[in-house]
Amino acid sequence: MSGWVTSSYIVYGTSLVLLSKIVYRSYRMIKNWYNRKSMEKELWALILTNELSLSCVAEHTKTTNGFAAISSNDTKVPNKIDIIERGPLCSNPYCVDSNVRIIVDLLNATKYSIDIAMYMIGSIPISEVLAEASLRRVEVRVITDNSEPSLISSGTEYLQKYGVRVRSNTQTSGKLMHHKFCVLDSPSRVKYLLEKQNTLFVKKSAEIDKISSILMTGSLNWNVRGFSTNYENILLTNQKQMVQKYSDEFQHMWKLFDPTNEHAD
């Protein structure tokens, strides 16, 4: 009798162990599936500016003095996808303060590379966060148009003081560099940077794929007038093919506009 009881306990214990393993493996399978689905999720958002962009500025100044930007030094910086899904911070979807904060927060959440092709950059909050990104060793590259009478007016001289590399279309006389787009953490660029630093071996390809790459493109120059008084748009998306197309075009121009003709990266 005691032998039968002992055997029953052994069978029962073994069954519990097997059942717990099945439950655990099922949980891991479901979790991995969910993570893959989350990674595959494509999204977009739209920033618009119009005659209503300044309609709420006085209220912000009177109450909260604008919205506090997410800092890259915060204990937990939100993912870029979370920032896009968060949407505007103001009930006015055209709010200049809210729109600038979306851009600033996305830049602060960038880990490896920021590539900007912008006809003109004049926004002080954006210029400051780009300088901060460069100081925390994010690679920041800017391509701007050469037709501006002064580098100071487009904000590029300020950026260069903080290690941001800037190039313009000096080799293409008569042709404007009229793009207005920005690529954050391009997968191909991140892979290149890690290979250059000899750290790719500690970063699996799957980990690179998990990095949220964002494209921002539209009609809006990143300056005060663009965000506040013009009728403009910026499309934000993580659609992989679009991100890579714009990243490739940026790299093409970066080499083309190399003043040394050495095609430095």
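Predicted model: local features only at pLDDT ≥ 70, side-chain atom pairs only at ≥ 80, totals over all residues.

Guide: Residues are numbered from 1 along each chain as its sequence is written, and side-chain values use heavy atoms, with hydrogens and water left out.

Visitor: Why is Leu-48 called partly exposed?

Guide: Buried means under 20% relative accessible area, exposed means over 50%, and partly exposed is in between (1.4 Å probe, protein chains only). Leu-48 has a relative accessible area of 30%, so Leu-48 is partly exposed. Leu-48 lies in strand E1, residues 44-49. Strands are DSSP runs of E, at least two residues, and helices are runs of H or I, at least four, numbered from the N terminus.

Visitor: What makes strand E5 mostly covered?

Guide: Five of its five residues, 180-184, are buried. Lys-180, Cys-182 and Leu-184 point one way from E5, and Phe-181 and Val-183 point the other way.

Visitor: How do you know that E2 and E5 pair?

Guide: Two strands pair if DSSP finds at least two bridges between them. Five bridges join E2 (residues 113-118) to E5, so the two strands pair, and they run antiparallel. Asp-115 has Val-183 in E5 as its bridge partner.

Visitor: What makes E1 and E4 edge strands?

Guide: Seven strands form an open sheet, in the order E1-E7-E6-E5-E2-E3-E4, with mixed pairing. E1 and E4 (165-168) each pair on one side only.
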